[in-house]
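Biologist: Thanks for sitting down with me! Could you walk me through this model, one question at a time?

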Amino acid sequence: MASSSSSRTMRAVQYDRYGGGADGLKHVEVPIPSPKKGELLLRMEAASINRVDWNFQNGKARPVLPSKFPFIPVCELAGEVVELGAGVSGFSQGDKVIAVNFPGGGGLAEYAVVPASQAALRPAEVSAVEGACLPIAAFTALAALRTAGVGLDAGDGPPKNVLVTAASGGVGTFAVQLASLAGHHHVTATCGARNLDLVRSLGADEALDYGTPEGAALRGPSGRKHDAVVHCGEGFPWSAFEPALADAGGVVVDLTPRLASVAVAVLHWVFFSRKKLVPLIAAAKKEDMEALLGMVSQGKLQVVIDSRYPLSRAHEGWAKSMSGHATGKVVVDMGIADARE
């Protein structure tokens, strides 16, 4: 594709102010962006919606992010390389890739630019929809388990009792599988009653309905206390976790830290607490994306898809993600026949 891409237009979905939810998204026609130095221009195949996307819209990072309005959201992408910016090597036109463009977004469009350093080649065995769920959601699960000290290979480190909260969500479904794959950890998962069988099928040894006393106490019938917790949910205070952690010490990795939880984490660090809360701060590297792609292509890691929407119905996917009731990932799939075309 020639470098005159900016003279052509594309369909996109954007918002121009904080707030508004799905109703705040606008379907527009805008110029196709041109890749700058170190960037790739992708013809979009799929984009996966994450909590961080609508948290930006809700103003959780204001006034820093989004950096300007209007803003085309969604940072977790899959597409085909159509143009390379200056200085890019390792990619060619026609390559199928997955990428993360955080915090720049751009995924809800027919084309998007991404940093080449944050892209990885997608093997044919992994679909675009599957691939679009890996750079943020699956990587977050991977990073959280690493942060909690959970060995992810057979025989890697001591066996641990691992708890995953909100285990049927986009990150939770990956965290359960990755912890289980090592083969020597005991995995407990909390979720809604309708998803108990799903999380068991993903490898959970114990699945707890969060609406029951056991689920609220974060302790299964085995009575095990947890060495590591991947906290994918929201709303649990530290006081709910502390009694469920191993007496010798346990780590809660909080994926959605608020000011109160950061304050708790600082206190634990200052006082060298054996039981501690740790906010997750991590960014995917190309080798992490390649490792996750490999697991999916080998059938070791399953991508649980809640629902797929064409670009013309991206606002519906946005609303589903915001509802908190998605089982697995919500994906905008540019390969679906679009009523607007």
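Biologist: Let me start at the end of the chain: which residues of helix 10 are buried?

Modeller: First, a word on the source: this is a predicted model, where local features need pLDDT of at least 70 and side-chain atom pairs count only at pLDDT 80 or more, while totals for chains, interfaces and linings use all residues. Residues are numbered from 1 along each chain as its sequence is written, and side-chain values use heavy atoms, with hydrogens and water left out. Helices (H or I, at least four residues) and strands (E, at least two) are DSSP runs numbered from the N terminus, and buried means under 20% relative accessible area, exposed over 50%, partly exposed in between, with a 1.4 Å probe and protein chains only. On those terms, the buried residues of helix 10 (residues 314-323) are Ala 314, Gly 317, Trp 318 and Ser 321.

Biologist: What covers the buried residues of helix 10?

Modeller: Here contact means heavy atoms within 4.5 Å. The cover includes helix 1 (51-57) and strand 3 (39-49). It also includes strand 1 (9-14), strand 14 (305-309) and strand 15 (329-333).

Biologist: How many helices and strands are there in the chain, and what share of its residues is buried?

Modeller: Happy to give you the overview. Of contacts between residues at least 6 apart in sequence, 70% join residues at least 24 apart. The chain has 10 helices and 15 strands, and of its 341 residues the buried share is 55%.

Biologist: How many of the residues of helix 4 are buried, and which elements do they pack against?

Modeller: Eight of the 10 residues of helix 4 are buried, so this helix is largely enclosed by the rest of the structure. Among them are Phe 174, Val 176, Gln 177 and Leu 178. The buried residues pack against helix 3, strand 8, strand 9, helix 5 (196-201), strand 11 (228-231) and helix 9.

Biologist: At what angle do the axes of helix 3 and helix 9 cross?

Modeller: Axes are lines fitted to C-alpha atoms, for helices over the stretch in contact, and angles run from 0 to 180 degrees between N-to-C directions. Under 35 degrees counts as roughly parallel, over 145 as roughly antiparallel, 65 to 115 as roughly perpendicular and the rest as oblique. The axes of helix 3 (residues 134-147) and helix 9 (residues 286-297) come within 10 Å and cross at roughly 100 degrees. That makes helix 3 roughly perpendicular to helix 9.

Biologist: Which residues of helix 3 and helix 9 meet?

Modeller: From helix 3 come Leu 134, Pro 135, Ala 138, Phe 139, Leu 142 and Arg 146. Their partners in helix 9 are Asp 288, Met 289, Leu 292, Leu 293 and Val 296.

Biologist: Is Thr 190 buried or exposed?

Modeller: Thr 190 belongs to strand 9 (residues 186-191). Beyond residues up to four places away in sequence, Thr 190 touches several others, including Leu 163, Ala 166, Leu 208 and Leu 218. At 3% relative accessibility, Thr 190 is buried.

Biologist: What is the phi of Ala 166?

Modeller: Most residues other than glycine have a negative phi. Ala 166 is found in the loop between strand 8 (161-165) and helix 4 (172-181), and at 32% relative accessibility it counts as partly exposed. Its phi is positive, near 50 degrees.

Biologist: And what is the phi of Val 74?

Modeller: Val 74 is found in the loop between helix 1 and strand 4. Val 74 counts as buried, at 0% relative accessibility. Although Val 74 is not a glycine, its phi is positive, about 90 degrees.

Biologist: Where is the peptide bond from Phe 69 to Pro 70, and what is its omega?

Modeller: Most peptide bonds are trans. Pro 70 is in the loop between helix 1 and strand 4 (76-84). The bond from Phe 69 to Pro 70 is cis, with omega near -10 degrees.

Biologist: What is the omega of the peptide bond from Phe 102 to Pro 103?

Modeller: Pro 103 lies in the loop between strand 5 (96-100) and strand 6 (111-115). The bond from Phe 102 to Pro 103 is cis, with omega near 5 degrees.
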